[in-house]
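Here are my notes for you on this structure. Keep the 3D view open and look up each element as you read.

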Amino acid sequence: MAEIRTRIRPFLLVVTALLGVLPPATAEERVVARLSQSQVAITTNFSGSEIFVYGAVRREAPIPAGELDAIIAITGPSTPVLVRRKEQRYGIWINGPGVQIDAAPSFYAVAATRPLREILSFTEDMRHRVGIEELIRLIDAPEWLQDDRAAYRDAVVRLRRADGLYYERPDGVLLSEATLFETTIALPANLVEGDYRARILLLRNKQVIDVYDEIIPVQKVGLERFLFDLSRSDPAIYGIASVLMALFAGWMASALFRYFLP
Amino acid sequence: MSVYLPIAEVSVNALLILGMGGIIGVLSGLFGVGGGFLMTPLLILIGIPPAVAVATGSNQIAAASFSGLLGHWRRKTVDVKMGMVMLVGGVLGSAIGVQIFAVLLEIGQVELVVSLLYVVFLGTVGGLMLWESLRAMRRVRRGTARRRQRHNWMHGLPFRMRFRQSNLYISVIPPFAVGALVGVLAAVMGVGGGFIMVPAMIYLLGMATSVVVGTSLFQILFVAAFTTLAHAITNQSVDALLAILLIVGGVLGAQVGAQLGPRLRAEQLRILLALLVLGVCLQLAYDLLRLPDEMFVLERVDG
């Protein structure tokens with residue numbers, strides 16, 4: 001099934017692009033939204049953060065037929081990641097050759113009014129890249145991997161889920177009166193820096209009718225920023241400073257204890 | 001109280017790290033070993049990336065060994081000449097070790113090689129220590145004094161030098177080689193190497209026992225400082241914030257351990273250390289042999 005999807009993808013993309021040109025029947029409904037934070041600062045005592053997302057549906061006309069749904073997704077910067085499968089050699093388990101996943105989001109959280117499959121059509125998922133399967137790209141897989149690509153891709157999702165970096169909350173969005181919606185997305189403490197993307201998709205009859213898009217920059221600040229930058233720009237100075245700090249601490253400890261416990 | 005580590009890019013509980021540093025500090029004060037061989041596996045266990053654990057471990061070892069060295073310096077139990085010879089070997093070994101580590105990072109086998117080295121060295125050292133301690137205890141009971149063999153194959157080697165404080169007149173090659181080996185291990189395993197060097201100095205070189213710990217701390221200090229610097233430059237994996245937490249816990253613990261040491265009985269203490277070393281070794285060996293719970297691992301790709 002996954003293979004067929006990959007093969008017909010270019011064709012579907014053309015079709016969906018053409019359809020997108022036509023004015024959608026329900027263009028009268030628009031998303032108006034706010035996030036509780038427009039940026040996230042990683043300070044020394046950063047222990048995760050919560051982003052409260054809320055908003056409403058603006059209409060010029062009476063509510064159309066069909067059930068209204070909303071999906072709220074926050075994704076971290078996509079980076080390549082190396083996946084290795086353990087192999088048994090000479091009785092011990094060692095890391096096998098690595099497979100580079102071309103891009104996988106460093107963070108992925110999605111909340112919706114109902115499970116994604118019930119409210120989002122297949123083509124719309126591909127077009128807007130909402131589901132996690134759409135966000136993990138494995139393009140130049142080595143020859144020997146052809147039958148096994150899914151296992152490596154699934155491993156990224158499984159391991160990052162276990163670390164709390166990927167999660168889905170199918171009933172995480174509260175929608176009232178088919179107009180007001182809200183959710184809270186928790187960002188874990190082990191975030192990486194970069195531009196995070198928050199999206200709100202409004203859906204009716206499995207079709208996306210409007211999208212709200214906002215970038216949330218996540219950055220180290222203060223001491224974190226200083227140490228990280230120094231370690232990259234002047235590694236020699238950083239190293240010498242680390243050693244001097246260690247020597248000073250060692251001397252301090254020795255001196256203090258001699259003073260208090262002669 | 002959580003702290004976000006800028007280089008490791010993970011958030012950890014500061015009290016947990018302080019406590020870890022403290023407990024290992026107590027052990028190092030008690031046994032005169034740096035405790036790096038326990039620190040690195042523990043850091044990896046709580047989720048610090050192995051590269052950061054190894055590099056930051058060296059930084060912590062520099063602080064702990066300097067603190068210990070100051071005490072020995074005041075008591076004049078450091079053979080500086082012997083320390084210098086071992087140090088030349090150590091710096092060379094460390095430079096090689098950091099390069100080996102960079103290659104291991106590249107091919108994704110850091111975990112495997114570090115675990116294997118731990119199993120081999122901890123197993124050997126722990127086993128020997130246990131054996132020695134048990135024999136010594138039996139001797140004490142029988143009341144016979146221990147005789148150390150003073151002449152072996154090493155005494156046929158060239159470049160002999162007099163080491164007054166160690167009470168030795170031997171070739172510089174064995175101490176140089178011991179220093180170099182410890183340097184490589186320090187860089188690859190993130191250890192000070194005291195747990196290998198101290199037995200090697202006593203049983204292999206036959207140094208006077210009184211100067212062994214001070215001289216080993218002298219060598220460890222410089223090798224750890226050099227390794228920290230080399231890791232910071234080559235792998236950019238020293239986390240200064242993590243190091244501070246470990247150091248504060250470690251130096252306090254070391255002083256507590258040093259106060260505690262004389263009140264406990266030496267031979268029993270050594271058996272305890274031997275059992276601890278063997279325990280860590282068996283755990284690591286078991287992890288290599290058993291069927292892993294998770295068959296896949298993820299690695300960061302930089303740049």
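1. **Start with confidence.** Please remember that this is a predicted model. The average pLDDT of chain A is 84, and 89% of its residues score at least 70. Within chain A, the lowest confidence falls in helix 1 (residues 2-21), with a mean of 49, while strand 7 (residues 108-112) has the highest, at 94.

2. **Two stretches to read with care.** In chain A, the pLDDT is below 50 over residues 1-6, and this stretch makes 1 contact in the model beyond near neighbours in sequence. Residues 15-26 of chain A also have a pLDDT below 50, and there the model shows 6 contacts beyond near neighbours in sequence.

3. **Chain A in outline.** If you count along chain A, you will find 7 helices and 12 strands. Chain A has 262 residues, and 29% of them count as buried. Take the contacts in chain A with a separation of 6 or more: 71% of them are between residues 24 or more positions apart.

4. **A strand to look for.** Is strand 11 of chain A largely enclosed or largely open? Strand 11 (residues 194-204) has 11 residues, and 8 of them are buried, so the rest of the structure largely encloses this strand.

5. **The partners of strand 11.** Strand 11 of chain A pairs with strand 4 (residues 68-75) of chain A in the antiparallel sense, over 8 bridges. To find this pairing on screen, look for A73(A), whose bridge partner in strand 11 is R199(A). Strand 11 is also joined to strand 12 (residues 207-220) of chain A by 11 bridges, and these two strands run antiparallel.

6. **The turn between them.** Strands 11 and 12 of chain A form a hairpin, with 2 residues between them. N205(A) sits in the turn and has a positive phi of about 55 degrees.

7. **Where the chains meet.** How many residues of chain A are in contact with chain B? There are 49, and they contact 46 residues of chain B. The elements of chain A that each supply at least two residues to this side include strand 5 (78-89), strand 6 (92-105) and helix 5 (149-162). Helix 7 of chain A gives the most, with 16 residues. Sorted by class, the side of chain A that touches chain B has 29 nonpolar, 14 polar and 6 charged residues.

8. **A pairing across the chains.** Strand 5 of chain A pairs with strand 5 (residues 296-300) of chain B, in the antiparallel sense and over 5 bridges. One pair to pick out is R84(A), whose bridge partner in strand 5 of chain B is V297(B).

9. **A helix in chain B.** Helix 1 (residues 14-31) of chain B contains 18 residues; its first and last C-alpha atoms are 26 Å apart, close to the 26 Å expected at 1.5 Å a residue. Because 13 of those 18 residues are buried, helix 1 of chain B is largely enclosed by the rest of the structure.

10. **One residue up close.** Finish with T56(B), in helix 3 (residues 50-74) of chain B. Why does T56(B) count as buried? The reason is that 32 other C-beta atoms lie within 10 Å, and the cut-off for buried is 20 or more. Leaving out residues up to four places away in sequence, T56(B) touches V238(B), D239(B), L242(B) and A243(B). L43(B) is 13 residues from T56(B) along the chain, and their C-alpha atoms are separated by 9.7 Å.

Note on methods
Residues are numbered from 1 along each chain as its sequence is written. Chains are lettered from A and ligands numbered from 1 in the order in which they are written. This is a predicted model: local features need pLDDT of at least 70, side-chain atom pairs count only at pLDDT 80 or more; totals for chains, interfaces and linings use all residues. Helices (H or I, at least four residues) and strands (E, at least two) are DSSP runs, numbered from the N terminus. The expected span of a helix is 1.5 Å times one less than its number of residues. A residue is buried if 20 or more other C-beta atoms lie within 10 Å of its own, exposed if 12 or fewer, and partly exposed in between; C-beta atoms are placed from the backbone. Two residues are in contact if their C-beta atoms, placed from the backbone, lie within 7 Å. Ala, Val, Leu, Ile, Met, Phe, Trp, Tyr, Cys and Pro count as nonpolar, Asp, Glu, Lys and Arg as charged, and the others, Gly among them, as polar. Two strands pair if DSSP finds at least two bridges between them. pLDDT is the predictor's confidence in each residue, from 0 to 100.
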